[in-house]
Amino acid sequence: MYAAIGENAPATSRRVDLLPGSAHDFVDAVYAALGAPPYEEVMRNPGSPLADVCRQKAKLANAGVSYLQIAEALGRAPEVTEAGADHHEWEWAGGLERGWAAYRHAIEAALQRNGAPERAGG
């Protein structure tokens, strides 16, 4: 509207992308920050308890991209219910409460590792 009348807009919004680098690199960083060993090595024995834990952590790492999208939309880190945490398994951490804290920490560590412009909150 301001351009139509030849004036400058009083303020402009600025979008800050919370995902530094590629989504693949971010997912790998979250997976590593969750303390999981290399997925390819673990999957050599796919029926092992460690493989099950690594699958749980890999699913959470993949969900980290959605976590950041929600954080970007909200302007803060999402709460457990907002991020759909109940759709994931948390046995590896001894339950949702401990797992959620570890997950948020892993996301922050991945963001810092990949050079995020600002924190997703948490």
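Q: What percentage of the 122 residues in the chain is made up of buried residues?
A: The model is predicted, and burial here is a matter of relative accessible area, with a residue counting as buried when that area is under 20%. Of the 122 residues in the chain, the share that is buried comes to 35%.

Q: How many helices and how many strands are there in the chain, and what pattern does the chain follow along the sequence?
A: The chain has 4 helices, while the number of strands is 0. Read along the sequence, the pattern is accordingly written as α-α-α-α.

Q: Are helix 1 and helix 3 parallel or oblique to each other?
A: Two packed helices are described by the angle between their axes and by the distance between those axes. For helix 1, residues 23-33, and helix 3, residues 49-74, the axes are 8 Å apart and the packing angle is about 130°. Angles over 145 degrees would count as roughly antiparallel and those from 65 to 115 as roughly perpendicular, and helix 1 and helix 3 are therefore oblique.

Q: Which residues of helix 1 meet helix 3?
A: On the side of helix 3, the residues that take part include Cys-54, Lys-57, Ala-58 and Leu-68. The residues of this contact between helix 1 and helix 3 divide into 10 nonpolar, 2 polar and 1 charged. From helix 1, the residues that meet helix 3 are Ala-23, Phe-26, Val-27, Val-30 and Tyr-31.

Q: Is Gln-56 buried or exposed?
A: Gln-56 is found in helix 3, and, leaving aside residues up to four places away in sequence, Gln-56 touches Glu-89, Trp-90, Glu-91 and Trp-92. Its relative accessibility is 6%, and because buried means under 20%, Gln-56 counts as buried.

Q: Are helix 3 and helix 4 parallel or perpendicular to each other?
A: The axes of helix 3 and helix 4, the latter covering residues 96-113, come within 11 Å and cross at roughly 75°. The contact is made by Leu-60, Ala-63, Gly-64, Tyr-67 and Leu-68 of helix 3 together with Trp-100, Tyr-103, Arg-104, Ile-107 and Leu-111 of helix 4. Since angles of 65 to 115 degrees count as roughly perpendicular, helix 3 and helix 4 are therefore roughly perpendicular.

Key:
Residues numbered from 1 in each chain as written. Predicted model: local features only at pLDDT ≥ 70, side-chain atom pairs only at ≥ 80, totals over all residues. Heavy atoms only, no water. Helix = DSSP H or I, 4+ residues; strand = E, 2+ residues; numbered from the N terminus. Buried < 20%, exposed > 50% of the residue type's maximum accessible area, 1.4 Å probe, protein only. Axes fitted to C-alpha atoms, helices over the stretch in contact; angles between N-to-C directions. Parallel < 35°, antiparallel > 145°, perpendicular 65-115°, else oblique. Contact = heavy atoms within 4.5 Å. Nonpolar A, V, L, I, M, F, W, Y, C, P; charged D, E, K, R; others polar.
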